[in-house]
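Hi,

Here is the structure I promised to pass on to you.

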Amino acid sequence: PAPVRLADYRPPAWLIESVRLTFDLRPRGTRVTARLALRRNPDGDGGPLRLDGRNLRLVAASVDGAPVSPETDAEGLTLSGTASGAALPDAFVWEAVTEIDPEDNKALEGLYLSRGMFCTQCEAQGFRKITFFPDRPDVMAMYEVRIEADAGSCPALLSNGDLIESGALPKGRHYAVWRDPHPKPCYLFALVAGDLRETRADFTTVEGRQVRLGVWVRPGDEGRTAYAMDSLIRSMRWDERAYGRAYDLDVFNIVAVDDFNMGAMENKGLNIFNAKYVLASPETATDADYARIESIVAHEYFHNWTGNRITCRDWFQLCLKEGLTVFRDQQFTADERSAPVKRIEDVVTLRARQFREDGGPLAHPVRPEEYIEINNFYTATIYEKGAEVIGMLHTLFGPEGYRKALDLYFERHDGQACAIEDFRRCFEDATGRDLTQFARWWSQAGTPEVGVEESWQEDGGRYALIFRQSTPPTPGQPDKAPLVIPVALGLLGANGDDLLPEGTRIVELTEAETAVTFEGLPARPVPSLLRGFSAPVRLIRETSDAERAFLMAHDSDAFNRWEAGRAYAVDVALRMAGGADADPAFLDALDALASDESLDPAFRALALETPGEDELARETFARGTPADPQALHAARDALRRAAAGRMGDALERLHREMTVPGPYSPDAAAAGRRALRNRALGLLVARGAPDDLARAAGQFERADNMSDAFPALAALVHADAPQAAAALAAFHDRWRDDPVVMDKWFAVQATAPADDALGRVRALTEHPLFDWLNPNRFRSLVGAFAAGNPSAFHAADGAGYAFLADWLIRLDAKNPQTTARMAGAFETWGIYDAGRQRLIRDQLERIAAAPGLSRDTGEMVSRMLG
Ligand code: B3K
Ligand code: ZN
């Protein structure tokens, strides 16, 4: 298929005044009647009416009431004139009846059934699977939606906006009519019909609007909605405070759905969520689950302004809503919980997902210039790097400058479909600064590298830092230009104090080489560079173990304190993979950090995290050698054992003392204590003495909440402890009927690095609860194995690769989106030895040759093959 290109953007030829939809819902043969008031766009090309449509059966169509029979093709229909052969008038009413089959829709895009519940997913281009329509985000209209369904099986009928009418119909059916007063693109349309129970709350906006909030779940799940509701209310308040943005409808609904391709969807006034990001109770959800629910609820809510009120002109502008909204949800979490802890977690994810992507065959700019399937571009680059770009603007202009620019953006563009240039101009106009060079962050792919050299002259206390930036080539972009890189830095004196009067200074790198000089320093300082990870770059600098230990102990910037430890840990692990022993100085520094009572437990838990195998593998390759997954796995294990050996007393004490009295509460302080306690437990189990395993088994048995139970189970299973089988069986028996919890049961086994890991995973694919068409379940087994069990997935015989490829080929025929995303497990093929590279390429070629391969997976595989 030919790619779609940003350069080819043209305004729509036709605009839509209003949309009236009627759904006659049936599992098989749902009828959709669409009435569109169309008007020729004076800025369009004057062409015929082209409507997108896929897998639709056109039953009837008319123009101003007169039947027409337009030509349809696989991608839609074209209407060049009226029934009488006359040219189309400049404004007319199009009406079409189409028939679709929700029951059969396992791609989970458009209208589908999830365990008897009708629901929709339209972003990016799913609306065209519901009715013929100009399915592009710059066509915005007002919607009125009438839903008719069986009253018994579908008591709840929901759509966007406000409910204006409802009532009974003959033959046990009923109806509801919803109207959304805000013009929106069709990707924000949503409908839900099913047996759902509502948890309600009332909210009064700062502008005085009374809003009815609802969280809708299956009967039986009502007891697990409180945290989502609480998160929603806090998000609404926060957006009023932090951005001056109030909610704009009288209803806001969240619905939990079991079968969902991603996390959640920000449909106007009717957010639809993957059930696992709504449902939480102390018994079923971990602290990490609670935190994710909070941030996803916030993210989708924040889209109401950044995404819905101001949307994207075309899908190349996706980061306009996603990068900005991720940045907003990160700010929210930082405010609600701990800013340094949140920053560390975000950087861990950024490196694990975005740096990984940016360094491989799938690298693309934050604003791509072409795509074959847009669903393949909901990536870490567009989301997470997109958020980093916004974060750098925040750093460059400060909170006031940033707020001024955002205020201008909302004022100037409310109700519009915008491009990145519109956003950028708001910053330029609000701050007076030209952002031409800064804008390269949106167009240039790849992770920039910043090399640092320093010089010191006793005489005059002159200290200089020389920064050299470069960005490696990425697919389609051999040459890169210098970026604007804000580097937050501090200088530390011998006692660890900050030497700069302002503590932290922001230095802007704009050239390939930038030198910064400091005068009058009492002694040679230790630099603390890229504080708070002020730019998404790889910092490359010769440094010593002693300096890292010093920063771990003294840096006033919490992020860099953690970062020094992390970089040190990576070094030590890689040296161990090369045959060295665990460095005692590192273990001493780690012990000191872990035991420092003045530090937040959540921070200490992060400091105790061992770098992951994929991170170590990519770092090995960055240093010039192919990664050996099994050697890295062994080195990482050995490092954990050594750490536990050295820190045993401290870890035992943490495990004993970091308990949380009273009933479970998901608050950040309690969660931080549990995180540290569980980190200690994990390391102790890595030490592997019978007492250590018994400690984990005891915690599992006594736990009255999932945050205590699950880490204990994971530790036992991953250590292949004798108690693991009984614990897994107990967990299974207790939770077998609970899909969200059972995903954990599959995932914990899929990620266990046993010798026969693949055999165990294969056996689990035969388990009666392995429903491969459910994306959560598929990801919890096949996806967790490919992404979370590197030593088994990268087995030298290629069996792990073949296993994944088999399942991808099978799932692709049903659900291209989930398949294409998971194919990214192969994106790092280039960092391994020639043998593994060959084996991975064989599998990619086998997938590419599968008959009827989807456009989604086809594009991913061909980009990876290069
Ligand atoms: N906007 C949706 C993602 C849609 C993905 C389509 N393949 C969720 C979000 O980013 O908030
Ligand atoms: Zn989003």
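β4 and strand β8 (residues 76-79) are antiparallel partners joined by four bridges. Two strands count as paired if DSSP finds at least two bridges between them. Within this pair, Arg 50 has Thr 78 of β8 as its bridge partner. The two strands belong to an open sheet of three strands, ordered β4-β8-β7 and paired antiparallel. At its edges are β4 (49-52) and β7 (71-73), each of which pairs on one side only. From one strand to the next, the twist averages 20 degrees. For such angles, axes are lines fitted to C-alpha atoms (for helices over the stretch in contact), and the angles run from 0 to 180 degrees between N-to-C directions.

Before you go further, please keep in mind that this is a predicted model: local features need pLDDT of at least 70 and side-chain atom pairs count only at pLDDT 80 or more, while totals for chains, interfaces and linings use all residues. Residues are numbered from 1 along each chain as its sequence is written, with chains lettered from A and ligands numbered from 1 in the order in which they are written.

A second open sheet has four strands in the order β10-β11-β16-β13, again with antiparallel pairing. β10 (110-114) and β13 (156-159) each have a single partner strand, so one side of each has no neighbour in the sheet. Neighbouring strands in this sheet are turned against each other by 15 degrees on average, direction ignored. β10 runs antiparallel to β11 (residues 117-121), and five bridges join them. Leu 113 stands opposite Phe 118 of β11. In the loop between β10 and β11 you will find Arg 115, whose phi is near 45 degrees, a positive value in a residue other than glycine.

The loop between β11 and β12 (140-150) contains Ala 124.

Which residues are around ligand 1? Glu 123 and Ala 124 are both there, together with Met 262, Ala 264, Met 265, Glu 266, His 299, Glu 300, His 303, Glu 322, Asn 375 and Tyr 378. A residue is taken as near the ligand if its C-beta atom, placed from the backbone, lies within 6 Å of it. At least two residues of this shell come from β20 (264-265), and at least two from α2 (287-302). By class, the shell holds five nonpolar, three polar and four charged residues.

Helix α13 (residues 629-657) also deserves a look. The helix has 29 residues, yet its end C-alpha atoms are only 36 Å apart, short of the 42 Å that a straight helix would reach at 1.5 Å a residue. The expected span is 1.5 Å times one less than the number of residues. A kink of about 80 degrees in α13 is centred on Met 647; the bend at a residue is the angle between axes fitted to the seven residues ending there and the seven starting there.

Finally, the record: an unreviewed UniProt entry annotates residues 545-865 as "domain: Peptidase M1 alanyl aminopeptidase C-terminal". UniProt positions are in the numbering used here, feature names are shortened, and annotations may be inferred rather than shown by experiment. In the model, this span is 72% helix and 0% strand.

Best wishes

Definitions and conventions. Nonpolar A, V, L, I, M, F, W, Y, C, P; charged D, E, K, R; others polar.
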